[in-house]
Amino acid sequence: MTAAARPARRYALLLALWDSDYARKVYGGYYNVFVSAFGSGGGAGERWDCFRVIAGEFPAADDLATYDGFVVSGSPHDAHGEEPWVRRLVALVQTLHAMGKRVLGICFGHQLLCRALGGRVGRARGGWDVGVRTVNFAPGLLQAQAQGPGLGFLGGGLPRSASLIEVHQDEVWELPPGATVLASSEKTRVEAFAVGETALGVQGHPEYTADILLNLVDRLTAQGDIEGRAGEEAQRSVAEIGGPDSKFWRALCRSFLRGGGGGGVVVSSTRPVTEVAGGRAGAVAGGSCFAGGAPLVQLACRAGIN
């Protein structure tokens, strides 16, 4: 690809899971869910490529430099696990960090980013966290930002707190060297962290809508992964808190990926984006990013359910 033909921005979505039946039927797959959340929305100048890393599909080493940012998704697997593809993903994130590339980690991706950069992750001491939670930002965060370089993607202001969808039973135990805790909650000490301007981990799911959460709660309960009362509490949290502050979280993630910039979305015709309206999107034929023939599965989450 020549410099003249290259889009203004190019991003890689590293999917560490298979599409659930619900995500595939309602949203056309998790690719659409992520790009609808983190893409700039409808204009020209941005391209998203998708790699199903759980199936061993990774970007070519020679192509890494052409990307402006990478997003690592959630997964039903452990970020502290030793499966070959997990170890390969850890090595890739380490390479990207050494190259100065922006990496956004979501849930499993948040934990894997921590591990790759030298931190420690494991089972959450408080057990499963499922529902809509209030996440509190660290006091003095913007003052610290003003005193030196780094964290410019936070912009000029932050709320004291913002609600976020949580579905996980693993967490960050120990931060990587040089990391800053951005946010915490009553149950999770590290809800978000950053290493300068190039690494951002978010434990919750800013890409999810309330209907995705409720479907996951139903599946987790039916599979016996969480108790019925935990499922009921998660459902109550949606009604009581009023759903996640998706607009804020998604804007924060977009600001990180773009270094404060903007731009529209240009997507490969084989991987179309469906814009979400009213929390749902129509299914898109062929919208799944990897057609390698692996079965769709009902996911029982360990690091995070997706």
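Figure 1. At 3% relative accessibility, Asp49 counts as buried, because buried means under 20% relative accessible area. The structure shown is a predicted model. The side chain of Asp49 meets that of Arg10 in a salt bridge, with a distance of 2.9 Å from N to O. Arg10 lies in strand β1 (residues 9-15) and Asp49 in strand β2 (residues 46-52), so this pair ties together parts of the chain that are 39 residues apart in sequence. Arg10 also counts as buried, because its relative accessibility is 7%. Both residues belong to a network of salt bridges that links Arg10, Arg47, Asp49 and Asp63.

Figure 2. Side chains of opposite charge can pair when their charged atoms come close. Here the side chains of Asp21 and Arg24 form a salt bridge, at 3.1 Å from N to O. Both residues lie in helix α1 (residues 21-27), where they are three residues apart, about one turn of the helix. Asp21 counts as partly exposed, because its relative accessibility is 27%. Arg24 is partly exposed as well, with a relative accessible area of 32%.

**Figure 3. A salt bridge between a strand and a loop.** Arg102 forms a salt bridge with Glu197, and the closest N and O atoms are 3.9 Å apart. This pair links distant parts of the chain, 95 residues apart: Arg102 is in strand β4 (residues 102-106), whereas Glu197 is in the loop between β10 (192-195) and β11 (199-202). Is Arg102 buried or exposed? Arg102 is buried, with a relative accessible area of 18%. Glu197, by contrast, counts as partly exposed, because its relative accessibility is 24%. A search of the whole structure finds 13 salt bridges, including this one.

Figure 4. The largest nonpolar core has 54 residues. Which residues have the most contacts inside this core? They are Phe38, Trp48, Leu104 and Phe153. Helix α2 (residues 30-38) supplies the largest share of the core, with seven residues. This helix is mostly covered, as nine of its nine residues are buried. Among the buried residues of α2 are Tyr30, Tyr31, Val33, Phe34 and Phe38; Asn32 and Ser36 are also buried.

**Figure 5. The surroundings of Leu104.** Leu104 is one of the residues with the most contacts inside the largest nonpolar core. When its neighbours within four places in sequence are left aside, Leu104 is in contact with Phe38, Phe70, Val71, Val72, Leu200, Val202, Cys253, Phe256 and Leu257. A second, separate core of 33 residues includes Ala12, Leu89, Phe108 and Val190.

**Figure 6. The packing of helices α6 and α7.** The axes of helix α6 (residues 210-222) and helix α7 (residues 228-241) come within 9 Å and cross at roughly 170°. Angles over 145 degrees count as roughly antiparallel, so α6 is roughly antiparallel to α7. Which residues of the two helices meet? In α6 they are Ala210, Leu213, Leu214, Val217, Asp218 and Thr221, and in α7 they are Gly228, Gly231, Ala234, Gln235 and Val238. By class, this contact of α6 with α7 has six nonpolar, four polar and one charged residues.

Notes:
Residues are numbered from 1 along each chain as its sequence is written. This is a predicted model: local features need pLDDT of at least 70, side-chain atom pairs count only at pLDDT 80 or more; totals for chains, interfaces and linings use all residues. Side-chain values use heavy atoms; hydrogens and water are left out. A nonpolar core is a set of buried Ala, Val, Leu, Ile, Met, Phe, Trp, Tyr and Cys residues joined through side-chain atoms within 4.5 Å. Buried means under 20% relative accessible area, exposed over 50%, partly exposed in between (1.4 Å probe, protein chains only). Helices (H or I, at least four residues) and strands (E, at least two) are DSSP runs, numbered from the N terminus. Contact means heavy atoms within 4.5 Å. A salt bridge is a side-chain nitrogen of Lys or Arg within 4 Å of a carboxyl oxygen of Asp or Glu. Axes are lines fitted to C-alpha atoms, for helices over the stretch in contact, and angles run from 0 to 180 degrees between N-to-C directions. Angles under 35 degrees count as roughly parallel, over 145 as roughly antiparallel, 65 to 115 as roughly perpendicular and the rest as oblique. Ala, Val, Leu, Ile, Met, Phe, Trp, Tyr, Cys and Pro count as nonpolar, Asp, Glu, Lys and Arg as charged, and the others, Gly among them, as polar.
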